[in-house]
Amino acid sequence: KLEEVEVGDECLEVVGLVLEVQPVREFSRSDGTTGRVASFTLADETAALRVSLWHEKADLVSEIKPGDVVRLIDAYSSAGLHGLPELHLDATGRMEVNPPGVELPPAEELKQQSATLKRVRIAEIQKEGERIEIRGTVVHVFQRKPFFYTCPDCGRGVEGEAEILCENCGKPVVPEARAVVSFLCDDGTGNVRVTLFGALAEQLLGAGAQELAQRLKEETDIEGLYAGLGLVGREVIVRGTVKYDRFTDLLELRGFEIETPDARSEAERLVEEIKARKGQDRGGSE
């Protein structure tokens, strides 16, 4: 299921309904060469994810349209723009269109399911795959390196910052830094680990991945780097997908949106909650 896909997964097989298709586009690299990429949104009953097809795989989008059922075989995932996993086909990957015997709910139903979010107390988080919203305070930041390196074309993780041969693209590339940050969020009922990737992590950190990499080269003190970012004590609203971490045996939240609470919006939310409770009480008494 798409809700089970995590950043860095390999050799995946997934099935979903095509919601949107973006045509092939060409892009230029810093070395003057060009590449090609196309994308589409794939959804099932549990989640919706972006699929990016690179280079010769990009032509596969000509075979699909919204409403088609697609099976991806030998796919892998990387961190997308908003921290959500993004699917790619490996060099040996295949795409089957409308495979026999596979049925999914209508597109409108899947869109509605993927858009539904509910604010919950952290103590109420119980199920992997839920898309939820929480509000709390950053009480601890895990002081890992706040970036990792990926191939600028296919998004697959690579080692180091020096030019390297990307096994997926089959050519030398200069790795690109992608931001990542993990922290504990506490709302008074409990705490949960939150992880943000890419642009979302940069939003919280207040700095781009390349800038963070340069700072760490100059300071070499990761504790001092995080202390200067002033994250602990910050109040945040996070929307994300609940994931089970096999190493910690705990549920965590992979964020795809983050913002600072707005006093007016929060007050209006409380008023609506009070009205809803009063309505339920009247209905129960009747």
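Modeller: In this predicted model, a cavity is a set of grid points where a 1.4 Å probe fits but cannot get out, and lining residues have an atom within 4 Å of a point.

Colleague: Which strands each supply at least two residues of the lining of the largest cavity?

Modeller: The largest cavity holds about 80 Å³ of space. Its lining includes A48, L49, T241 and K243. The strands that each supply at least two lining residues are β3 (48-54) and β13 (235-245).

Colleague: How many nonpolar, polar and charged residues are in that lining?

Modeller: Among the lining residues are L2, V5, L84 and P85, along with E3, R131 and R254. Leu, Val and Pro count as nonpolar, whereas Glu and Arg count as charged. By class, the lining has 7 nonpolar, 1 polar and 4 charged residues.

Colleague: Why are the buried residues of helix α3 on the same side?

Modeller: Helix α3 spans residues 209-219, and its buried residues are A209, L212, A213 and L216. Residues three or four places apart in an α-helix point the same way, because there are 3.6 residues a turn. On the other side of α3, Q210 and E218 are exposed.

Colleague: Which elements do the buried residues of α3 pack against?

Modeller: The residues concerned are A209, L212, A213 and L216. They pack against β8 (147-150), β11 (176-186), α2 (198-205) and α4 (222-229).

Colleague: Is G255 buried or exposed?

Modeller: G255 is found in strand β14, residues 250-259. Buried means under 20% relative accessible area. G255 has 1% relative accessibility, so G255 counts as buried.

Methods: Residues numbered from 1 in each chain as written. Predicted model: local features only at pLDDT ≥ 70, side-chain atom pairs only at ≥ 80, totals over all residues. Heavy atoms only, no water. Helix = DSSP H or I, 4+ residues; strand = E, 2+ residues; numbered from the N terminus. Buried < 20%, exposed > 50% of the residue type's maximum accessible area, 1.4 Å probe, protein only. Contact = heavy atoms within 4.5 Å. 1 Å grid on protein atoms, 1.4 Å probe; cavity = no way out; pocket = protein on both sides within 12 Å on 5 of 7 lines; lining within 4 Å. Points joined across faces, edges and corners; volume = space filled by probe spheres on them.
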